[in-house]
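Please read them alongside the sequence and the model.

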Amino acid sequence: MRDRHLLIGAVAFAVAAAVPLWAPSLTADASATTSPHGDTTSQAAAGHDMGATSSSAASASPTDWQAMDKAMADRAKQFPAKTAGEGGQYLEPKILADGTKQFTLTASEISWEVEPGKVVKAMAYNGMVPGPTLRADVGDKVQVVLKNELPESTVIHWHGIPITNDMDGVADITQPPVPPGKSFTYNISADRQSVGWYHSHHDGTKQVGDGLWGAFIIGDLPLPGGVKADHEEIMQLQDAGAIGLSLNGKSFPATKPLEMKVGESMLIHYVNAGTTPHPMHLHGLDQLVVAKDGFPLAQPYKADTVLVAPGERYSVLVVATKPGNWAFHCHIFPHSEGSTGMFGMFTELRVS
């Protein structure tokens, strides 16, 4: 028994002596985090995130916070910054002899400027990210010709659009993938009003995140009380691939502000082409949710934040009751705001 007590005491002494050696490094490793912009900080230094007061922040020199404020202000002043390229532009169809509306989408690799100075290697339809917005009327016969100029195969899936099984556009399930240099024609009957989108379904993890998606609207979404919106906008959300955190293919300060006058109304269609839900929050003005995935709601409801999951579409009606430049952003802060100011999924709704 005496030997056993001596052994326990020896082990306890060894552990106590070792604590000063490994405890600090363990603490540092456990508290280390990486910001959305890649700079490493500690949870202690980010005390506001932990609900505690940071002693290091309290002792920071005035020039530290002043430099941070200036960096944020300088970035905000760039908005809306000019960049090369604009995505989601409406594509005019070719009208065939039988009245069919024919759209041509050419998939290729391009250089795409997501924000000033940030140029990425993207995949695109018709040289833009997101791809062109397609629009048809209920009852139209629609034909979409996919031309593949990529160095790899691809297909197009018609998400939320009424189609037959053989036109569904899922590689190796409903059709063979379209190889480089080849074309495929999709025939679509616009049987009903739809708020849909289209995207690659061949290595979608890469191809969609790198730019192969776009919006497809059929007919006019009926609004409560027969109201007709003064403006209609599509806000396409992305968070992955080469494009990353963006609204309509651009990141703040290159995002495009929405504009309206007091008394006007705007119909906004959210399309989540990304990989995570995004709570889209509009400051100052109500969002009346009128449709889910293109289906009108029997009971529209008001919200200031609308959670849009991957693949979902929500349509909201906004009435400009108050003038001002209203912040409009994903309310997951690491998607829109950091130590250098606003970035990614942030824009403004400007009411004059």
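This is a predicted model: local features need pLDDT of at least 70, side-chain atom pairs count only at pLDDT 80 or more; totals for chains, interfaces and linings use all residues.

1. Residues are numbered from 1 along each chain as its sequence is written, and side-chain values use heavy atoms, without hydrogens and water.

2. Val318 sits in strand E20, residues 313-319. Its relative accessible area is 0%, so Val318 is buried (under 20% relative accessible area, 1.4 Å probe, protein chains only).

3. The protein has 4 helices and 24 strands; these are DSSP runs of at least four residues for helices (H or I) and at least two for strands (E), numbered from the N terminus. Of its 352 residues, 45% are buried.

4. The largest nonpolar core has 25 residues, and Val144, Trp158 and Phe216 touch the most other members. Such a core is a set of buried Ala, Val, Leu, Ile, Met, Phe, Trp, Tyr and Cys residues joined through side-chain atoms within 4.5 Å. Strands E4, E5, E6, E7, E9 and E11 each supply at least two residues of this core. A second, separate core of 24 residues includes Leu282, Leu285, Tyr314 and Val351.

5. Contacts of Trp158 beyond four places in sequence include Val144, Phe216, Tyr186 and Trp197.

Note on methods:
Buried means under 20% relative accessible area, exposed over 50%, partly exposed in between (1.4 Å probe, protein chains only). Contact means heavy atoms within 4.5 Å.
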